[in-house]
Each structure stands twice: as structure tokens, then as C-alpha cells.
Amino acid sequence: MSQNINSEVFVSLLEALSSTDSAARSDADAKINTLKKHDLNGILRLTLNVMLTEPNDERRLQSIVLVRILLDLSKSGDTPKKTWNSVTTEVKALLKSSLLKSLESETQKSIRRNVCDTIADLCASSLEYNEWPELLTITIRLVENNNPVYKKSGLKLLGECFNYFVDELANHVDIVAQLIKSSLMNADASVRTEALCSISIAIESDLINLTSKLADTVPLILESLRQLLSSPDPTSRDELERSLAGIIMIVDNNAKILKQHIQLFFARMMELALGEGPAQNLDQELRCMALEALVTLPEKKPKMALSIPNFGIRMVNCLMTCMLDVQDEAYSEWLEKGEEMEDEQRLYDAGEEGLDRLGRALQNLDNCPLMDWVLSTASQYIQTPHWQHKFVGIMAISQTVEFLTDEEVEDRMPSIVKIMLEKLMDPDFRIRFAVCQTIGQIALDHQPYVQLNFYEEVLPSLITAFDDASPRVQSHALSAFVNFAEEVQKEHLLPFADVVVQRILLKINMHTNRQVREQAVTSIAVIAGVLEEHFIKYYNTIIPLMKEIIANCVKPEERTCRGKAIECISIIGMSIGKDVFLNDGIECMNALIQIMDQPTDPDDPVKDYVGEALGRFCTALGVNFVPFLPKIVPTLLRELTNCAKSVNEDEDMTLAMGLEGAGGLKTSMVDDLEMTLNLISNIVEELKDLYEEYIPSTAQAVLPLLTYVLTSDMKQRALSAMANMIEAKKMALDKRGGGREMLLDLVLNTMNTVLTDLEKSRKLDSMGTIPVDILSAEAGGLYKCLDCAGPGILNTNVLTVLSKKLLEIMETSSKIKAVYRKCREDKGLDQDEVLALEEDEEEEQTFRSSLLDLFAVIMKHHPEEFMVSCQGMCLAFATANLEKNVEDDVALALYLCDDMVEYLGQRVVSFWEKFLPHILKHVESRDANLRQSACYGVSQLAKIPEFSYLANEAATKLASAMRMKFPASAKNQQTANDNAVAALGDLIKYQGANLVDASNYLNLWLKSLPLKQDETEGRRVHKELMELVISKNPTILGPDNANLAQLAKIFISIYETDLSSEELNKQIIQLMKHLGQEFLKQLAPSLSKRLQMQLKIIAKLL
């Protein structure tokens, strides 16, 4: 086709692409796409001719951009390579030579940069490594050229094509390093900047150890920054911006290069971020970039960062100083009304976000006093008379309070709450709304501790703030109430309910500030959720009001309030019960269906509220929700299918889809997909067999998602939906009978999809393509599916194939883990590199454990089939790993043995001699994982009568393990100790008659309670202990109830913690009532300060 178009006509097409006439643009675009489709080589020739010969700068720029489009260089996966392969050899040669000629002759900066970008993308996406052998020689020649124009192009190519050149450069590292160093000393600032950017890209993978050769360039880089700061050249600001962008990339890609000069680097970046010295006139955007470099450092190299003298306190001071920018007039609108400034990076925001990022970067490091730094600095700020200092001090606490450890919370929280409530009375509204935000954040981050200990002080203060003179404070007070009240106990909220509802209702009218009104509606929803049946007295007032909002709030600015009203009604429905809510619920569902049918803006908040509300309506209405399924399900499945479709490559991508690189998802679609999967899963879980009719179509929509490279959360949601459908179908079969073909298909299709994905991701050419946490999520999701399927589904043939595949994947994973272990032995690694490898190794261990869990679920539901098809393979795997010298491998084998004991029971007696000695041996191991797995094994073995001959040996070893001492910060050691305590309790329970010293073991067991770290074992052990107390077991209670005080302490300490359950909390209250006020009064002095506070909380409920 292109033969019929001459150069002049083609240039006219290019001109039309930038026409102000949309019809002309569309016509030109269609013609070029047609040419691309039918004659790619011809249109490439025409485009290259324009690039080299057209005198008009804009046309030449358009032509190089068009080359990128024609070659699909912006697309992901194999698309660019496939397009390149469709180009003839002659045109490929023409293309390469034309690009190089353009670099020789082109004078326009933007065109030269685009030519370099095109060459770099060709190398990265389309070319084989040996397909352009002359490119490196030409690149080096350009770098060596004294003309800055050519030198910059050479440096840009050297950096961006570095991985393409890497094999050829391996023997010339010193030469490359010297070229870059000399460029950093060039008189031309733009050359120095390009050299810096080249470094930032070249050191990312560091395949040829270039980083060590460039370590001495850091002072040169910093000197270049200094020169740019003092330069009067108007282009210096742009060069400084590019240089800072390059520095951020250096820190992000490979901060190891900074090690020798880290203190100097830190000092210079601090100077820039604070606008001090030569940087005193630096604008906000550049200061934010310097701050970005500073914050990225601890994220990438936390231990290197902490090696800088006083790094933590200096960093916190820097960030909070930047936050003081809030005093600028530009923030007044935001402070007063909450209106965000669009498309502008603010120094306050960068500082505030930096505190959060700093906390996340350092939170997993042992003995890191992050909150000491923050709270000491914040305290100084809050004590000053200046509003901006008080504001920043309070907001710094809000931003970092989540990083308080449990121990720090008990020590620090009373004073923090006291300060906040004092400052809630401050005359400056800015301080008051900052306090409200902080209270809300504290309530969110440290629930239910804060609610249990401070509800009497906090609730009245927030209720008073509802009527603050400032709408901004009112809004934040209501928001804080939402966060706080969500976890307040029903009995604690009830005394405040009437006054709270009365005051909030006054806020829900069209004359009230919009943000206040929205938060008021959410507050009503929270009250309903907490009060449950006690909300009935407000029902007839609230429901009509919410209906009115849904009907009337239709303007764009009112849509959030409408959505919140929908949310409120759905929560009321769940709380109040179907008997009261049924008619209103059906009416509201009909309204929601109408809303779903209406065309909406993609950013309409009502859509999200409707999606979440549907799940609650389903719970509230139960069987009465079923008539709405014919309308809802097709809509949800369309949404699911649409979300999964590929979108244009120039859109904002957040997820890659498919191992082959089949496209992507828009950011907005990610949220939609997450919401839709959640909703489908919740509806199926709630309706179970009532959803049977829709299972085939739903599974057909969900299953393809499992082949996409989603996030771990997405994988879990998709597999959770499949598991719920499997459970629903099984329940339908159990109730109504019928063929099991579909159930088997659901299970096998899910299993095969996941296994194929796991196998593919562990092949050499795909290694690292999928993060291992996603693989763990897949294995965990498959576990749930197989667990929901239950017994009688999988035969021995399927189980044999499944076991072989799992063990093969396990073997590959073990090899990967061994590589990490080997890498850690490299003496050249710094502490952060070792830490990163340890984290990678830990994630791989988690993945291996998730694979073993699949064997556990097989044993659980198919014990006989397992003995026939899997037992031999699993036992061989276990015994082989038990003999290894690698602790993680031994622990893994022990876990597998534990599962065999737990789920196969007495079937293991015939072969347990192969692993019993190893379990008993490692009960006293100093390694936490080994000891935990061994102790858990003893817990399971104790239930088997044949274990009696080893009961005393096991008890002696457990007692020894329980006496081991470890630092309180070693949580994994505490978990192992918990398992030892639990195992001793099981030995006493099941083998007590065979224990020589049972009474002493019982005393040791009671003294070691409660469990402190292992939540699953904790809830089990504490529940069983309560059952013994309720049954008045004389052994547990002791002679004349001598153990009652100790038992009371145990239950007081676990009340309303993760080591208890809702049922157990109720039983604890009943036990305390039974013990009586006098007993508790006498007990109180013997309790620790923390337990005395716990007892006060309990006493208020007696």
C-alpha cells in the first residue's frame, strides 16, 4: 500500500496527526494504522526518510515517535519482539543505520533524546544480544567525543543500553568507569548530569561489578550539584532537577555505591532538603526531591543509614522541619476546608509521608528507637507557643503512632492520650483538628487497647468536639469517633448512645457542611454496628432519613453522602436483624438495582458503596436476597470480565497479566476487580447452596483470573471465591443429591490451574517473574479449595500426580533457597544485602511451608488414599531432609511429620520410628523453628496411646525447653516456647496416667501460662483451660482451690487480646463474676500494673 503514497503525502499525514481538527486527526491515525497493518516495512521506510530529510523539526520529532509506535516499543511482553521479527532484514538494517545517522546529524535536543530512547527500547525489547554489534563501538566513540552534544548521547546510550552491552563490557570495566568519571568532571553541566543518569541505570543490576569502580564518583556527583546551585545559568535549575532524579535512582537501584561517602552524601542531601547554605533559595519541588533521596536510603539500606551518626534523630528533625512549611499561606485553604491543592508537590506532605516511610523502613530492625526519636522531637514541638510547631508535633505522632511496639504502647499511650485531650481544648482550630485526626489514628492502630483503657476520657471529649465552632474540627471529630467507636465494647458505648445519636442527627441536614454531614452518616452506621439489637430505638428515625438522602443527594458533590447513606442502611440491616429489616431491606435493594442500572462516571463514589453494601444486604436478607441474583450476578460477571481485559499500553498500569505478558490493568480497574471478587466471594459464602444455579457461569469468569500475575491479595480473593463455590456445590449435593461431575471439575480445574502456574513460575526462564508471596498465596488458596471440597473427591491417581508435582516444585524451591544461603556467604556483602537475602530466604521457606500444607489437607480428608498414593513419597522426602545439616530443611521435614501424626493418627505407628527420634531430639533445640515444630509434634503424638512409652522422656525434654531463656524481643523463640507449654499440657491431658511426676509438670504448666505469642495455640490452650475450670476439675483448681488466683491472673491477662476469643472473653467475665469483688480486690495488689488496668476494665463489666 505504501508504494501508492509518496513522501509529500506521507508528511501531510504526519501534519494531520497534530491537527486541531479532531476528524482530520482520526482520519490520519486510521490511515497510518492501516499502513502499519498491511505494509509495516513500507511505512517504516517512509518514516525513516522523513526523520533524516525533513527540514521541519516537529515533523522529524513526529517521525521518530512514529517509529516507536510502529515497532510497538511501548508495549509489554513479546509484542515488540514479534513486531520486529516481521520487519525484513533490509529494513532492519536501514532502521539501524538511519538511527545512527540521525545521531550524527540531528541538532535538536528533544529529537536526539527520542532517537536514543528508541535505540534503548529496541535493545531492551526487540533485539537479540548480538544483533547490533557495532552499536557499542559507536556509543563509546560518542562518549569520547569532545562535543557535549555527542558526548551526552553516548552517555545516555551507555546507561540505557547497559544490559544489552554487558557481555561486551565485561572485560572493559575500568575503561567504562574512567569514561564516566571524566564525564563527571566535564565543564558542561548537562554532560555531568547525563553521566550521573548513566550511572543510575548502569549500577542497577551490577552484573560486571561496576559499582565498586564508581564508588569514588560520589564526591564528583556532589560537587556537580554544588556547582549547579551556584551557577547563574538559567538552565541550571533543569539540570539540577535531572541530577536529583538521577541521585534518587542511584539510591533506589544500588545505594551501595554511596557506602564510602555516606556521611558526606547524607549531609549534602540534608542541606538541600532543608534549604540551607548554598541551597537556601531552592524551590519546593527540588527540596522534595532531596527529601525523596534521603527517605529512600533507609528503605533500601536501613543498616547503612543507621551507620550515619545520629541518623534517626537528624532524619526525624529534617522531616518535621519540612512539615513546618504548613505555615505558608498556600496551605490556608487546606487547613480551613480540607481542600487539596492539585498537581502540586508540597513540602509538608513530603515530610509527613517521609515519617511514615521511615517508620516502615526501620520497623523490623531489632532495638531501633524510632518512636523515641519521634516522640522526643514531637514533645519539644508541642510545648512551643507557635501553632505550626504544635500542629507538626501532633501530626508527626499521628503519622508514626502505629510503630509503637506493644511494650511501648503500655508505657507511652497514657501520656499521649492525655496530651491529645489537653490539646483538644486549644484555642487554635488547626491544633484541634490535628488532635482529632491523631486520636482517630491511635484508635485505628492500637485497637482494642485504646478503646478498652481510655473510652471514658476519649468519648466525651470527641462528643463535645462535634459542636466545635470549626466545621473542619467537627468533621475530624466525627471521623475520630468512627475509628474509636468501631472497637468500643457495646456496654461501654450504650451510656453515651442517646446523646451521641441526638447530636449527630442535628448534623445530617442540607445546611450542614458537606464533610461534616458525610462523617455524621458514617458515625450512625458505626453506632448501629456496635449497638446491634440496642439500635432498635433509633431505627424508625434513622432509616427514613437515610432513604431521603439516597433519593435526593444526586448532585456530583453529594454522591459521597449518598454512598455513605447506602452503607449506613446496609450496616443497620446487618445489626438489627432480618425480622425488623426485611421490608426496608427489600425496598433498598430495589433502589440499589435502579442505581446500578444508571450510567455512572468511572469516579462516582456511589459505585464502591453499592458494591460493599450488596454484600451486607446479602447477609442481612439471607434467602430473601436470592430473587435479586438474576439481576446482580450477570452485572458482576460482566464487571469481572471487563476488568480483566487488556487496556491500552499508555494507560496507568499497576498489574501485569499473564506470564506471557498479555497486557495490563488500569489502576481504577484494579480496585473494581478487587471489589467485585470480594463481593462474589461474600455472596457465595453467605448463600452457599442457594447460589448453585450461578456457580458454572461464575466459575467460568473467575478461573481465568488465576492465570494472571495478580497481587497476592488478588490471588487470595480469586481462590477464595472458587473455594466458596466448591463448598456451595458440595452443600447442594449433600442436600439435594445429583451428579458430582461439576464439583469434581471445579476442584480439578482450580488445582490444575494453580499447579500449572506454580510449575511455570519455577522454571529457569521464568524465575523471579512472579514474587514468591504470590506463589504462597496461590498455594494457600488451593489449600482452602481442597479443604472446602472435603473427603471423597480425589482418587489415588489424582493424589499421586498431585504429590509428585508438589514435591518437584518443593525441590526447585529448596534449590532456590540454597542459592540464597550460598549468596549470604559472600564476604563482600554489606549488612543490608545480607538482610535482603535473609528476607528472600524466609519468603521461600514460607512458600515451602504452604506447599506442605497441601499435603496436610490431603491427609485430613483422604487419609486412606494418602497412605496408598502419597505416604511413601512424603516419608522419603521427610527422612532425607531430617538428615540434612540445614536447620530450615529439618524444620520443614518435622512439620510434614507433625501433619502425618495429626491427620493420620495411629496409622503412623507402623513407620514412626523413622522420625520419632528426630522430634524428641529437637524439642530442646536452640533454633526456634526446629523447637517449635518438634514441640508441636509432641502435642500431636500425645493423643496416640502407643506413645505412652515415650511420654516421660518427652515431658522431661519439654520441661527443659520451657526453662530456656531468650531475649524478650525474640518473638520466634517465644512462639516456640508457647508450643512447648501447649505440648506439655497435651501430655498431661492425654498421657497423665503414664507420667511419673504429673503433679510437678502440672504446676510448671500452670506457671508457664498464658501463652504469649502463638495466637492459634493460645486460643486453643486457653479455651481448654477454661473448660477445665468450668467443669471444676479438681486437679486444675488444686487442693482447696489453691490455684484460683493463678488461673484468674491467666484469664485477666488474655482478656480481649488475640490470645482469646469472643466466646472466651464472655466466659472470663462470668468467671470473674463467680469469683466475686472481694476475691478480685484481694488479688489486685499481686498483679502487675498492666494486669491491674486489665482488671479495672473487667470490673466495669461485672
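R430 sits in helix α25, which covers residues 429–445. The model described here is predicted. The side chain of R430 makes a polar contact of 2.8 Å with the side chain of D428. Beyond its neighbours up to four places away in sequence, R430 touches L335, W387 and F391.

**The whole chain**

The chain holds 55 helices and 2 strands. Its C-alpha trace spans about 105 × 75 × 65 Å along the principal axes. How does the radius of gyration of the chain compare with that of a compact globule? For 1102 residues, a compact globule would have a value near 32 Å; the chain has 33 Å, so the two agree.

Burial comes next. Of the 1102 residues, 54% count as buried. The accessible surface of the chain amounts to about 47700 Å². Carbon and sulfur atoms account for 49% of that surface.

Contacts reach across the sequence. Taking contacts between residues at least 6 apart in sequence, 73% join residues at least 24 apart. On charge, the chain carries 112 positive and 159 negative charges.

**D986 in helix α48**

D986 belongs to helix α48, residues 971–991. Is D986 buried or exposed? Its relative accessible area is 2%, under the 20% cut-off, so D986 counts as buried. The side chain of D986 has polar contacts with the side chains of S939 and R1020. Leaving aside neighbours within four places in sequence, D986 is in contact with S939, A942, Q991, R1020 and E1024.

| Side-chain pair | Polar contact distance |
|---|---|
| R430 – D428 | 2.8 Å |

**Helix α52**

Helix α52 runs over residues 1044–1054. Why is it described as largely enclosed by the rest of the structure? The reason is that 8 of its 11 residues are buried. Those buried are L1044, L1047, A1048, I1050, F1051, I1052, S1053 and I1054.

Just after α52, E1056 adopts a positive phi of about 55°.

**N254 in helix α15**

N254 lies in helix α15, residues 236–254. Its relative accessible area is 12%; that is under 20%, so N254 is buried. Which residues does N254 touch, not counting those up to four places away in sequence? They are I203, D206, T211 and M249. A202 is 52 residues from N254 in sequence, with a C-alpha to C-alpha separation of 9.6 Å.

How values were computed. Residues are numbered from 1 along each chain as its sequence is written. This is a predicted model: local features need pLDDT of at least 70, side-chain atom pairs count only at pLDDT 80 or more; totals for chains, interfaces and linings use all residues. Side-chain values use heavy atoms; hydrogens and water are left out. Helices (H or I, at least four residues) and strands (E, at least two) are DSSP runs, numbered from the N terminus. Contact means heavy atoms within 4.5 Å. A polar contact is a pair of N or O atoms within 3.5 Å; within protein, one must be able to donate a hydrogen and the other to accept it, and residues adjacent in sequence count only if both atoms are side-chain atoms. The radius of gyration is taken over C-alpha atoms; the globule rule is 2.2 Å times the number of residues to the power 0.38. Buried means under 20% relative accessible area, exposed over 50%, partly exposed in between (1.4 Å probe, protein chains only). Accessible areas come from the Shrake-Rupley method with a 1.4 Å probe; for residues, only the protein chains shown count as cover. Lys and Arg count as positive and Asp and Glu as negative; His and the chain ends are not counted. The place of a charge is taken as NZ of Lys, CZ of Arg, CG of Asp or CD of Glu.
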